[in-house]
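Hello,

Here is the structure you are taking over.

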Amino acid sequence: VIDQLKNAIDRTVQEFHNYSYDFLSESDIQAFLFAELRKEMISFRYEHSAGGANSQFKFTESFSISPVTTEYYVPEGKIDVAVLSEPDTTMNVWRQRCRIAIEIKLWQPREREPKYVADVNKLQRYEANLQKPGHAFTGIAMLFVHPCIKQIPSAISMEQVGDAYPQNGIALHLVTQEGHGWKQILAPSAPEQGALLVQTP
């Protein structure tokens with residue numbers, strides 16, 4: 001799953017670099033990434049039973065779904081783009097756990113710095129609240145910066161993002177015209193976190 005995710009993100013970033021002005025909203029980026037991820041995972045299908053936790057919806061037979069979805073509900077809020085985990089029969093199809101959760105922010109000209117920190121915090125809360133011990137989870141908060149934005153906070157400058165691509169845990173992904181990079185996010189209790197997670201307006 002991580003390889004497919006990496007491919008989809010790489011193509012999304014490349015598209016943003018080449019055609020930044022095509023993306024007039026976060027939804028444009030979300031739609032592009034969703035489509036790329038669906039293509040990457042076209043052979044992935046999850047089987048769900050009509051019974052068990054799904055019986056309340058009156059399904060007449062079992063069915064399969066793509067694990068890639070958007071605006072997926074979790075108790076901590078909706079996720080922009082999600083890849084669901086292997087099905088858990090104790091939970092209905094609309095309440096499965098996420099293997100991957102991606103939140104997207106686009107910093108547009110004449111707009112205030114987006115609240116990407118809130119996205120990071122949401123992903124951290126979700127990871128902390130996962131009910132299944134040892135459940136693998138990757139959360140990515142993506143901040144796309146329009147070429148007209150010149151003043152990027154030093155706490156998330158390109159010089160500060162050079163960590164490895166995340167396999168598990170939470171990461172910030174900064175995308176600018178100069179390049180893109182990853183920053184691993186520490187748990188909220190870690191004192192080093194304040195060096196990265198600056199307060200936004």
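The whole chain. The protein chain contains three helices and eight strands. Read from the N terminus, their order is α-α-β-β-β-β-β-α-β-β-β. The chain has 201 residues, and 50% of them are buried. Taking contacts between residues at least 6 apart in sequence, 60% join residues at least 24 apart.

Helix 3. This helix covers residues 116-129, 14 residues in total. From its first C-alpha to its last it reaches 20 Å, close to the 20 Å expected at 1.5 Å a residue. Which residues of helix 3 are buried? They are Y116, V117, D119, V120, K122, L123, Q124 and Y126. What covers them includes strand 3 (68-74), strand 4 (77-84) and strand 5 (98-107). Strand 6 (138-145), strand 7 (169-176) and strand 8 (179-185) are also among the elements that cover these buried residues.

Confidence. The average pLDDT of the protein chain is 85, and 90% of the residues score at least 70. Over residues 189-201, pLDDT stays under 50. The model still has 30 contacts beyond four places in sequence for residues 189-201. Where pLDDT is low, the predicted coordinates should not be read in detail.

Regards

Methods: Residues numbered from 1 in each chain as written. Predicted model: local features only at pLDDT ≥ 70, side-chain atom pairs only at ≥ 80, totals over all residues. Heavy atoms only, no water. Helix = DSSP H or I, 4+ residues; strand = E, 2+ residues; numbered from the N terminus. Buried < 20%, exposed > 50% of the residue type's maximum accessible area, 1.4 Å probe, protein only. Contact = heavy atoms within 4.5 Å. pLDDT = per-residue confidence, 0-100. Expected span 1.5 Å × (residues − 1).
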